[in-house]
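Thanks for coming. Please look at the sequence and the structure on the screen before I go through them.

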Amino acid sequence: MASKPGILSDWPWQSMGNFKYGLLVPGAIYSTYSYITKAENERNLFMFLIFPFLVFRLVHYQLWISYSRYRTAKGNNRILDKSIDFDQVDRERSWDDQIILNGILFYGAGIVLKDQFNMPFFKADGTLIILLLHWGPAEFLYYWLHRALHHHYLYARYHSHHHSSIVTEPNTSFVHPMAEVLSYYGLLLIPTLISVYIGKANIVGVFTYVTVIDFLNNMGHCNFEFIPKWAFTIFPPLKYIVYTPSFHSLHHTQFRTNYTLFCPLYDYVYGTVDKSTDTVYETALKREAESPDVVHLTHLTTPDSIYHLPLGFPSLSSKPQASKWYLLFMWPVTFWSVLLTWIFGHAFISERNTFKKLKLQAWVVPKYNMQYFSKWQRETISKLIGEAIEDADKKGAKVMSLGLLNQHEEFSRNVELYMKKNPHLKIKVVDGSSLAAAIVLNSIPKETTHVLLRGRISKDACILVQALCQKGIKVLTLQEDEYKKLLTYDSKLESNLVLSKRYDVKVWLVGDGVTEKEQSKAPKGTLFIPFSIFPQKKVRKDCYYHTTPAMEAPKSLENLHSCEDWLPRRVMSASRVAGIIHASEGWDVNECGGTIFSIDKVWEASLENGFRPLSIST
């Protein structure tokens, strides 16, 4: 929001959420019905194509958002290194409001001006006229409107909202108060309305014009240099016709220079070109991909988790992962993405962060939970994890942490063997089991004397039980095979490990496989603390559920604007935190398979580095 919001700042459908798209339904139904029922010579193809074109615009924007985040995460040709935060993502959630306005204006014009907007499909001269009219009067008028918006009165009430984003993304491009967007549309409609008036309007021309505006708008806000130097070498006047991402990035950092929309000519004519324009452009072009210090290797979970990645929908990735009904309409994309992961894949970068002097990256193995649980996919997944370790080592990474099912015992053991077979690798691999155990231990209320252990007996469970027994806390288990397995891990546990049939314990440590029936046997007020990879299903409303092992990130961890799976904002899983801590402390050890690190040491180091445990919600 602007510092002093002026009139018509808010969109009228602001409170409708995603239901705002319903405003386009009447126009879509009317235009479709008219096209189907009317005679061929009376059909309005322009009206009929408005809705598909609006969908195309949404897809076009999303492709730019995904590609921009991918490129800036890699780092090659990146312009600014400053961080994006959750506040910016929330502020820019309204980027699609202008597309809804576009639809309302097009449908309204088609209904009110039926004859004028029943235009032919294509006219080459009409298309050219529209584009020339933009680069002429529309660009000139925009330049002076933009300068006016930087006057302190208008800037405080309107344009400061857009400039709240120093580091821009494609979705920043049309995030403005409603009144400001209306003024822009008034200018950008000039070429279209003139073409209608002189009888040169055509569907291809109008839709091409809007698409060119979207392309250049997204490009100018993508935060990586897009236009190669050879383009200006071949045609030098191009620098006066089309701007570059670095050109507009300077406007967001310097504020009083580079006012142009897309055509820098007017900045050159009126002397408002930033002096560092060429230097910033050339510096960005020379910039190579970033070498990470720490890589967190995760994977896709459910079929629609692809939309929750930082490369997916910002409105979803900035919130804890949860199923959304409207993603059902994305089933063709979801289906093909799932199909592609069965055929081939390679770990890809999805996010970059910084912590003190460390450069952090998150990589995604393109496999889903169901594939990790499939026996015939496990060899393929182990190979992908091995390839990711090799790639990270070549890039100079010090530590790789294993997230989600990559840290599962079978895959963790395979990684341990892989590291032993490849002693040339300098990178260290961490599954975070010691920190996970430390987090669970420190989540148990201090007065606790007995805990009940339920779920599959994993490496994390063994480490946890060993630590609890050493502290003198009784650990109850209900199954004899679980009891024997734990004693096999450490025979010294016998004095505090109890085989019992009791359910009346107020603290439960739960792993994978805990059933709803078992939860129903817990006494009222029971605290469920998971040591599992995935969260427990909350069956009891009269009990308390803690999150999976995780910690809140300190403010010094920057560029954090996406949630990690189901975790809240600025909260990281134990394995991800462990990787950062191992790199920060310079620990030159692997922690995977049967290897265990010091619980106390990693816990103290986490706290010293500013990470904090999560409070238990009541």
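Is Cys563 buried or exposed? Cys563 is buried, at a relative accessible area of 9%, where buried means under 20% relative accessible area and exposed over 50%, with partly exposed in between, using a 1.4 Å probe and protein chains only.

A word on the source. This is a predicted model, in which local features need pLDDT of at least 70 and side-chain atom pairs count only at pLDDT 80 or more, while totals for chains, interfaces and linings use all residues. Residues are numbered from 1 along each chain as its sequence is written, and side-chain values use heavy atoms, leaving out hydrogens and water.

Staying with cysteines, Cys469 also counts as buried, at 8% relative accessibility. Its sulfur lies 11 Å from the closest cysteine sulfur, that of Cys462, which is too far for a bond. The whole structure has zero disulfides, a disulfide being a pair of cysteine sulfur atoms within 2.5 Å.

Next, the cores. A nonpolar core is a set of buried Ala, Val, Leu, Ile, Met, Phe, Trp, Tyr and Cys residues joined through side-chain atoms within 4.5 Å. The largest one has 55 residues, and Leu435, Leu468, Leu509, Leu557 and Phe611 have the most contacts inside it. Helix α20, residues 459–470, gives the most to this core, with eight residues; helices here are DSSP runs of H or I, at least four residues, numbered from the N terminus. A second, separate core has 53 residues, including Leu54 and Tyr142.

Back to Leu509: among the residues it touches are Val440, Leu468 and Phe531, with contact meaning heavy atoms within 4.5 Å.

Note on methods: Helices (H or I, at least four residues) and strands (E, at least two) are DSSP runs, numbered from the N terminus. Lists of a residue's contacts leave out its neighbours within four places in sequence.
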